[in-house]
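Hello,

Here is the structure we talked about handing over. My notes follow below it.

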Amino acid sequence: MDDLDRRLIGLLQQDASRPLKTLAAEVGLARSSVRERIERLEKAGVIRRYTIDVAVPEGPSAVLMVRLAQTPLPSAVNAIVAMPEVFRCRSLSGDIDLLVEVAGADIAEINRIRDRVAGVRGVTDVVTSFVLNRDKDAAR
């Protein structure tokens with residue numbers, strides 16, 4: 001991987017929907033050369049996937065600290081992340097197994113979401129903390 005590859009990766013990290021024509025102009029290469037470089041980076045596993053960054057929903061949100069009966073427990077994690085109100089889920093080491101961030105229209109909805117998470121097979125405990133301030137929301 002050279003400096004041009006790193007520049008392409010940086011541009012794609014900022015906005016992966018950029019057309020090849022735009023990328024080519026920004027790095028000073030032909031579109032075909034940019035396409036070949038991206039294909040090579042994909043085949044090498046450097047670029048693993050393309051994704052979107054969704055804004056954190058407005059309105060009340062909460063962090064659910066979830067304990068599981070055992071870890072790993074993919075069936076429970078899959079059931080939780082499939083819930084549309086879940087906008088972030090992190091598996092953790094330590095006493096808490098999952099950090100699940102949820103959003104709803106109001107506090108009552110957050111409580112219903114919490115109850116659904118608590119009802120997932122393999123979930124043994126859920127502690128809910130409502131988000132008071134979003135001091136920093138940044139993409140990595």
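Arg 37 is buried, because its relative accessible area is 17% (buried means under 20%, exposed over 50% and partly exposed in between, with a 1.4 Å probe and protein chains only). This is a predicted model, in which local features need pLDDT of at least 70 and side-chain atom pairs count only at pLDDT 80 or more, while totals for chains, interfaces and linings use all residues. Residues are numbered from 1 along each chain as its sequence is written, and side-chain values use heavy atoms, with hydrogens and water left out.

Arg 37 is part of helix H3 (helices are DSSP runs of H or I with at least four residues, strands are E runs of at least two, both numbered from the N terminus). Apart from neighbours within four places in sequence, Arg 37 contacts Asp 2, Leu 4, Asp 5, Leu 8 and Leu 29 (contact means heavy atoms within 4.5 Å).

Helix H1 (residues 3-14) packs against helix H3 (residues 31-43) at about 85°, with the axes 11 Å apart (axes are lines fitted to C-alpha atoms over the stretch in contact, and angles run from 0 to 180 degrees between N-to-C directions). On the H1 side the contact is made by Leu 4, Asp 5, Leu 8, Ile 9 and Leu 12, and on the H3 side by Val 34, Arg 37, Ile 38, Arg 40 and Leu 41.

Asp 97 lies in the loop between strands S2 (86-91) and S3 (98-103). Not counting residues up to four places away in sequence, Asp 97 touches Val 66, Arg 67, Leu 68, Thr 71, Arg 90, Ser 91 and Leu 92.

Regards
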